[in-house]
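Please walk me through this structure.

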Amino acid sequence: MYSRISTVRYTRDCCTEPVERLKEALADAEAVLVGAGAGFSASAGLVYTGPRFEENFADFIAVYGFADMYSAGFHRYSSLEEHWAYWSRHIYLNRYAQPVGRPYLELLELLRGRDYFVLTTNVDHQFPRAGFEEERLFRTQGDYGLWQCSVPCHEETYGNEAAVRRMVAEQRDMRVPAELVPYCPLCGAPMSMNLRVDGSFVEDADWHAAKERYLAFLRRTEGSRLLLLELGVGGNTPGIIKYPFWRMTAANPHALYICVNNGEAFAPKELGERALCIGGDITPLFAAAVGRAAGEA
C-alpha cells in the first residue's frame, strides 16, 4: 500500500536535492496547507525524554520510575496537590519556558507572502509564539495554556499562566499548596487540562471559529495548485492530518503532497509523482531552505 521508494534523505551533509524540490514546490503552489505533528516540535527541541526530562523531573522519576513526560502525564496521582505539582511543571516547561524553536521561525519565513493555513495537533503553542496569525491556525487537540472543567459542565476554557507559574514556584515535596488547586468556577469540580484525551475535551468558541476558518480555506483552495506539507506527523492520530492530506491530494490532480519525517516518511503508491517523501531532521532542511547554515542563530 505504501511506497518508500520515492523517499529522499536529507541530513546536514546530504545533497541539496530535497531542499531545492521543497523550494520549487513552494514557489509553484497557489496555496499551502501545513500539517504539523509532534515530530516538528521534537525537531525544535521539545523532546519528552532524555536529559530534558531527567533534569526537570528527577523527584518524580525517583518515586515512580517514569520514562518520559508523556506517560507521566497519564499517571493517576494520589492527590490533586501531587497531580498539579507534576502538571504545573510539565506545562511550564513545554508552554512557557521553552524558547520558540528555530524550525517554526523558518517555516514562517518560507510561508511569508503566501496563501497558507496550518493544521496542527501540537499543544505547545509554538505556532502563535513564533508569529503565526491565529486566523491561519487550527489547533485541534487543545493547548497547554488552557484549563477546562473536568466534568465538563460548560464549554469554556481558561488561561492558566499566572496560576501555573505560582504552582511551580510554591510546590514542595512534589505537591502544590492545597489553596492553589484549581476548581471549576461554576460547578466546583476539579479543573483539568484542555487536551483531547477522551470525550470530555472542551471545544470552545475559539476552537469552533478556527475549525470554520480551516474549512473555509479548504473550500477556497479546492482544485488549486495546493501544496500539502506534512511535518513530523506520526501514527498516533493519523486521521487528523495524514489520511485527510492523502485523500485531498488524490482528489485534486493539481495538488502535491510532501511528507517530511525523520524515520516515517512514506505515502500511498497511488499518489505517484505527486508525493515527495523527505526522510530526515526538519531543522537542517528548513535552515538550508531559507539560506541559513545549520545551527546559525
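Is aspartate 173 buried or exposed? Aspartate 173 is exposed, because its relative accessible area is 68% and the cut-off for exposed is over 50%. The model is a predicted one. Aspartate 173 sits in the loop between α9 (161-170) and β8. Its backbone deserves a look too. Phi of aspartate 173 is positive, about 50°, although the residue is not a glycine.

Histidine 125 also has a positive phi. The value is near 70°, again in a residue other than glycine. Histidine 125 belongs to the loop between β4 and α8 (126-130). Histidine 125 has a relative accessible area of 14%, and buried means under 20%, so histidine 125 counts as buried.

The peptide bond from valine 151 to proline 152 is cis, and its omega is near -15°. Proline 152 is placed in the loop between β6 and β7.

Now turn to strand β3, residues 31-36. Six of its six residues are buried, so the strand is mostly covered. In a regular strand, side chains alternate between the two faces of the sheet. Check each face of β3 in turn. Ala31, Leu33 and Gly35 are buried on one side. Val32, Val34 and Ala36 are buried on the other. Both faces of β3 are therefore covered.

What are the neighbours of β3? Strands of a sheet pair through backbone hydrogen bonds, either parallel or antiparallel. Strand β9 (residues 226-231) runs parallel to β3, and six bridges join the two. Within that pairing, leucine 226 of β9 is the bridge partner of alanine 31. Strand β4 (residues 116-120) also runs parallel to β3, with five bridges between them. In β4, valine 118 stands opposite valine 34.

β7, β6 and β8 form an open sheet of three strands, in the order β7-β6-β8, with antiparallel pairing. β7 and β8 stand at the edges. Each has a single partner strand, so one side of each is left without a neighbour in the sheet. From one strand to the next, the twist averages 50°. Four bridges hold the antiparallel pairing of β6 and β8. α6 lies across β6 and β8, and runs at about 145° to β6.

Rolling a probe the size of a water molecule over the atoms shows where empty space is left. The largest pocket has a volume of about 1500 Å³. Its lining has 44 residues, and the closest to its centre are Tyr70, Phe74, Trp87, Leu195 and Val197. The elements that give two or more residues to this lining are α2 (38-43), α5 (69-72), α6 (80-96), β6 (142-149) and β8 (191-195). α6 gives the most, with five residues. By class, the lining of the largest pocket has 20 nonpolar, 20 polar and four charged residues.

The second largest pocket holds about 340 Å³ of space. It is lined by 23 residues, and Arg139, Leu146, Asp204, Asp206 and Trp207 are the closest to its centre. The elements giving two or more residues to this lining are α6, β5 (137-139), β6, β7 (157-159) and α10 (205-221). The largest share comes from α10, with five residues. The lining of the second largest pocket divides into nine nonpolar, six polar and eight charged residues.

Finish at another loop. Where does asparagine 262 lie? Asparagine 262 lies between β10 (256-261) and β11 (267-268). Its relative accessible area is 55%. The cut-off is over 50%, so asparagine 262 is exposed. Now compare its position with glutamate 170. Asparagine 262 and glutamate 170 are 92 residues apart in sequence. In space, their C-alpha atoms are 39 Å apart.

Definitions and conventions: Residues numbered from 1 in each chain as written. Predicted model: local features only at pLDDT ≥ 70, side-chain atom pairs only at ≥ 80, totals over all residues. Heavy atoms only, no water. Buried < 20%, exposed > 50% of the residue type's maximum accessible area, 1.4 Å probe, protein only. Pairing = 2+ DSSP bridges. 1 Å grid on protein atoms, 1.4 Å probe; cavity = no way out; pocket = protein on both sides within 12 Å on 5 of 7 lines; lining within 4 Å. Points joined across faces, edges and corners; volume = space filled by probe spheres on them. Nonpolar A, V, L, I, M, F, W, Y, C, P; charged D, E, K, R; others polar. Axes fitted to C-alpha atoms, helices over the stretch in contact; angles between N-to-C directions. Contact = heavy atoms within 4.5 Å.
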